[in-house]
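Walk me through this fold by its side-chain contacts.

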Amino acid sequence: DVETLNTELTRRPFTVLDSSLFNFTLFDLQNGFGGFNVTLHHFISDAWTMSILVSGIVHIYGLLLHDCLTDDLNFPSYIDYIISQREYQNSSRFQKDAEFWNSVFDTQPEISYISNKNRHELNTLAQRKSFSLSSDLYSKIDAFCKNNGCSIYTFFMAIYTLYLAKINNTKSPIIGTPVLNRSGFKEKNMTGMFISTVPFKATVDIKISFSDFVKQVSSTQLSIFKHQKYPYDALLQNVKQKYNLSENLYDMVLSYQNAK
């Protein structure tokens, strides 16, 4: 059973030390079909990397099917990205990004939780949970987004922000938002771990309409994405030192909920 095999392979833990942090498995089915499973540790890969690898494998397979010579897939080296990161940290852009995030957190951030249970749970085992929208509801959401010039991602970000504001009784909830963090053509064709997290902070004003709030969220997103290159750990340390937060409170305040 392919699904059982896939589940077994993807849930098999890596040995972090003295390990390649990746596993490639080919399998052959009795009906003449087959496939492959690629499992990569998040230390060395993000979803974009997986897309690059799978596309490359399919490309080579297609050439082999037609008895064509396979071309070399020379991906840019991740070392180049490491070097560029070092240069960035000594640049004026780094200072501007630091100033931007300092202005975002001009007041001490408020705690935003979905649940107060298992805040310090260390178990990383998880399962994907999916929700299906009816075609009618999706059409209405899609029409709203087109009429208001926003993406569906922004729409749900606005919904999520309002939800957090309500259950936490706060006007400025904070959401940890994953970002691609690949700024150029070279980085978008490079395998490795790039994805980062940026804190999304929006101010909820009950006096404005939902449409206006969505536009506000969209504008805030654009500002934040311009400064997504700034290291997340540096941002956390800056906030911790700025407000003299203890380790426990620091973890509580800055353990942002992940918006997927």
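Asp97 and Arg93 form a salt bridge, with their closest N and O atoms 3.8 Å apart. The term covers a side-chain nitrogen of Lys or Arg within 4 Å of a carboxyl oxygen of Asp or Glu. Both residues sit in helix H4 (residues 92–104), four residues apart, so about one helical turn separates them. Helices here are DSSP runs of H or I with at least four residues, strands are runs of E with at least two, and both are numbered from the N terminus. Asp97 is buried, at a relative accessible area of 2%. Arg93 is partly exposed, at 37%. Buried means under 20% relative accessible area, exposed means over 50%, and partly exposed lies in between, with a 1.4 Å probe and protein chains only.

This is a predicted model: local features need pLDDT of at least 70, side-chain atom pairs count only at pLDDT 80 or more, and totals for chains, interfaces and linings use all residues. Residues are numbered from 1 along each chain as its sequence is written, and side-chain values use heavy atoms, leaving out hydrogens and water.

How many salt bridges are there by this rule? The count is six. One of them joins Glu8 and Arg12, at 3.2 Å from N to O. Glu8 is partly exposed, with 46% relative accessibility. Arg12 is partly exposed too, at 44%.

Another salt bridge pairs Arg182 with Asp46, and their closest N and O atoms are 3.0 Å apart. Arg182 lies in the loop between strand E3 (174–179) and helix H7 (185–188), while Asp46 lies in the loop between strand E2 (34–40) and helix H2 (47–65), so the pair ties together parts that are 136 residues apart in sequence. Arg182 is buried, at 6% relative accessibility. Asp46 is buried as well, at 4%.

Asn181 is in that loop between E3 and H7. Its phi is positive, about 60°, although Asn181 is not a glycine. At 11% relative accessibility, Asn181 is buried. Asp67 also has a positive phi without being a glycine, at about 55°. Asp67 belongs to the loop between H2 and helix H3 (78–88). Is Asp67 buried or exposed? Asp67 is exposed, with a relative accessible area of 72%.

Now the rings. There are eleven aromatic pairs. Rings of Phe, Tyr and Trp (its six-membered ring) pair if their centres lie within 6.5 Å; planes under 30 degrees apart count as stacked, over 60 as edge-to-face and the rest as tilted. Phe94 and Tyr230 have ring centres 5.1 Å apart and planes at 40°, so this pair is tilted. Phe94 lies in helix H4 and Tyr230 in the loop between helix H8 (210–225) and helix H9 (232–242), so the contact ties together parts that are 136 residues apart in sequence. Phe94 and Tyr230 are both buried.

Phe144 and Phe210 make another tilted pair, because their planes stand at 35°, with centres 5.6 Å apart. Phe144 lies in helix H5 (residues 135–148) and Phe210 in helix H8, so parts that are 66 residues apart in sequence are tied together. Phe210 is partly exposed, at 28% relative accessibility. Ring pairs link Phe144, Phe155, Phe156 and Phe210 into a cluster.

Next, the strands. E3 and E4 run antiparallel and are joined by six bridges. Two strands pair if DSSP finds at least two bridges between them. Ile175 stands opposite Phe200 in E4. Strand E4 (residues 196–201) is mostly covered, with five of its six residues buried.

What of the cysteines? The disulfide count is zero, by a rule that asks for a pair of cysteine sulfur atoms within 2.5 Å. Cys145 is buried, at 3%. Cys150 is also buried, at 13%.

Last, the surface. Val16, Leu17, Phe22, Phe24, Phe43 and Ile44 form a nonpolar patch there, with about 610 Å² of accessible area together. Patches take residues with over 30% relative accessible area and no salt bridge, joining like charges within 9 Å and nonpolar side chains (Val, Leu, Ile, Met, Phe, Trp, Tyr) within 5 Å. Accessible areas come from the Shrake-Rupley method with a 1.4 Å probe, and for residues only the protein chains shown count as cover. Leu17 lies in the loop between helix H1 (2–11) and strand E1 (22–28). Leu17 is exposed, at 67% relative accessible area.
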